[in-house]
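I opened the notebook to go through one model and jot down what I looked up.

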Amino acid sequence: MSFHRGRRMRQTPAMRALCRQTPPLSADSLIMPYFVVESEDPAFRKEIASMPGQYQLGLKALREQVAKAVGNGLCATLVFGIPAKKDAQASGAWAEDGIVQQAVRMLKTEFPDLVVITDVCLCEYMDHGHCGILRANGVVDNDATLPLLVKTAVSQARAGADIVAPSDMMDGRIAAIRSGLDAEGMVQVPIMSYAVKYASAYYGPFREAAESAPSCGDRKAYQMDPGNGREAVIEARADIAEGADMLIVKPAGPYGDIIRLVRENFDVPLAAYQVSGEYSLIRAAGLNNWINEQAVMVESLQGLQRAGADMLITYFTETILEKGLAV
């Protein structure tokens with residue numbers, strides 16, 4: 001009797017490693033998000049209640065945190081800013097002395113080899129918490145928002161950002177930002193587009209971390225419907241045509257099919273963003289000893305790689321590097 005003997009290739013750790021399709025996690029592919037706060041106290045450090053182990057950081061605290069992570073092999077970071085003041089024009093997002101701009105200059109001075117990616121969005125800086133100019137009828141004005149996004153991306157790049165990452169989901173923002181960067185002579189600055197960003201319930205803890213919850217309504221009119229798959233291809237194709245160099249799918253875990261769909265249709269570098277809610281679910285279960293947190297952490301990220309992600313944006317990056325779980 002003949003039958004398939006798959007166990008032949010699973011007999012020993014060495015045999016399993018030899019036959020493994022998806023490589024081990026690599027430090028080169030991990031991106032650590034940080035929340036930097038504009039504070040009179042540069043040593044400001046506050047744990048985010050819904051994201052145990054993650055912090056809002058002043059500039060000095062950020063430098064210390066990143067220094068330790070770089071010592072463990074950190075290669076890339078994604079920076080979010082929390083300004084001291086907010087207004088209806090998100091002026092803190094594009095100010096030359098804005099908190100992200102200050103953080104970028106510090107990081108590139110202290111850690112010149114670190115790839116610094118900046119989030120280009122306005123929600124943290126708007127007094128109403130939406131990602132663009134809000135009209136009296138509660139609608140975000142897409143086209144009026146584009147110039148502010150351009151100013152934000154240009155100011156971040158001028159401060160030294162290696163990559164700008166628009167996350168706002170306004171139509172036409174990639175073309176506008178590419179044109180703005182090129183006009184300023186920054187043709188070599190890549191755009192990592194949040195091309196496929198869903199209106200997800202998994203963002204809850206991030207709203208606390210970035211202090212960016214909308215004061216009215218929600219973001220479903222500009223972020224994607226979680227029930228839509230084919231739309232991901234349309235959005236990704238549009239952003240590539242407008243000048244995006246890299247793409248992001250967000251969230252990650254519940255959208256493995258979307259990561260695979262985007263991977264199969266496009267050859268540009270692809271990042272999966274394991275968002276705050278995904279982190280918090282695993283972290284909370286680990287703290288309660290309901291799961292082997294370290295094993296689930298690694299398995300969840302390997303699943304994203306298997307789906308087709310080249311890069312992994314995850315709040316577990318520091319832990320993975322510190323524990324030597326990446327090569």
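My entries follow, one topic at a time.

**Ground rules.** I am working with a predicted model, where local features need pLDDT of at least 70 and side-chain atom pairs count only at pLDDT 80 or more, while totals for chains, interfaces and linings use all residues. Residues are numbered from 1 along each chain as its sequence is written, and side-chain values use heavy atoms, with hydrogens and water left out.

**Helix α4.** I took helices (H or I, at least four residues) and strands (E, at least two) as DSSP runs, numbered from the N terminus. I started with α4, residues 99–110, and checked its length. The expected span is 1.5 Å times one less than the number of residues.

Next I asked which residues of α4 are buried. For this, buried means under 20% relative accessible area, exposed means over 50%, and partly exposed lies in between (1.4 Å probe, protein chains only). I got Ile99, Val100, Gln101, Ala103, Val104, Met106 and Leu107. What do they pack against? Counting contact as heavy atoms within 4.5 Å, I listed the strands β1 (30–37), β4 (76–82) and β5 (115–120), plus the helices α2 (59–71), α3 (91–94) and α5 (142–159).

**Salt bridges.** Side chains of opposite charge can pair when their charged atoms come close. My cut-off was a side-chain nitrogen of Lys or Arg within 4 Å of a carboxyl oxygen of Asp or Glu. How many does the structure hold? I noted 10 salt bridges.

One of them joins Lys108 and Asp162, at 2.9 Å from N to O. This pair ties together distant parts of the chain, 54 residues apart: Lys108 sits in helix α4, and Asp162 in the loop between α5 and β8 (163–166). I have Asp162 down as partly exposed, at 27% relative accessible area.

Then I moved to Arg178, which forms a salt bridge with Asp182, the closest N and O atoms being 3.1 Å apart. The two are four residues apart in helix α6 (residues 173–183), so about one helical turn separates them. Is Arg178 buried or exposed? It counts as buried, at 11% relative accessibility, whereas Asp182 is partly exposed at 33%.

Arg178 also meets Asp245 in a salt bridge, 3.8 Å from N to O. Here the link is between distant parts of the chain, 67 residues apart, with Arg178 in helix α6 and Asp245 in the loop between α8 (230–242) and β10 (246–250). Asp245 is partly exposed, with a relative accessible area of 34%. I also logged a salt-bridge network that links Glu96, Arg158 and Glu184.

Most residues other than glycine have a negative phi, and most peptide bonds are trans. Against that, I found a cis peptide bond between Lys250 and Pro251, with omega about -10°. Pro251 lies in the loop between β10 and α9 (256–265).

I noted a positive phi at Glu211, near 50°. Glu211 is in the loop between α7 (204–210) and α8, and is partly exposed at 40% relative accessibility. Asn289 has a positive phi too, near 60°. I placed Asn289 in the loop between α10 (276–287) and α11 (293–307), where it is exposed, at 68% relative accessible area.
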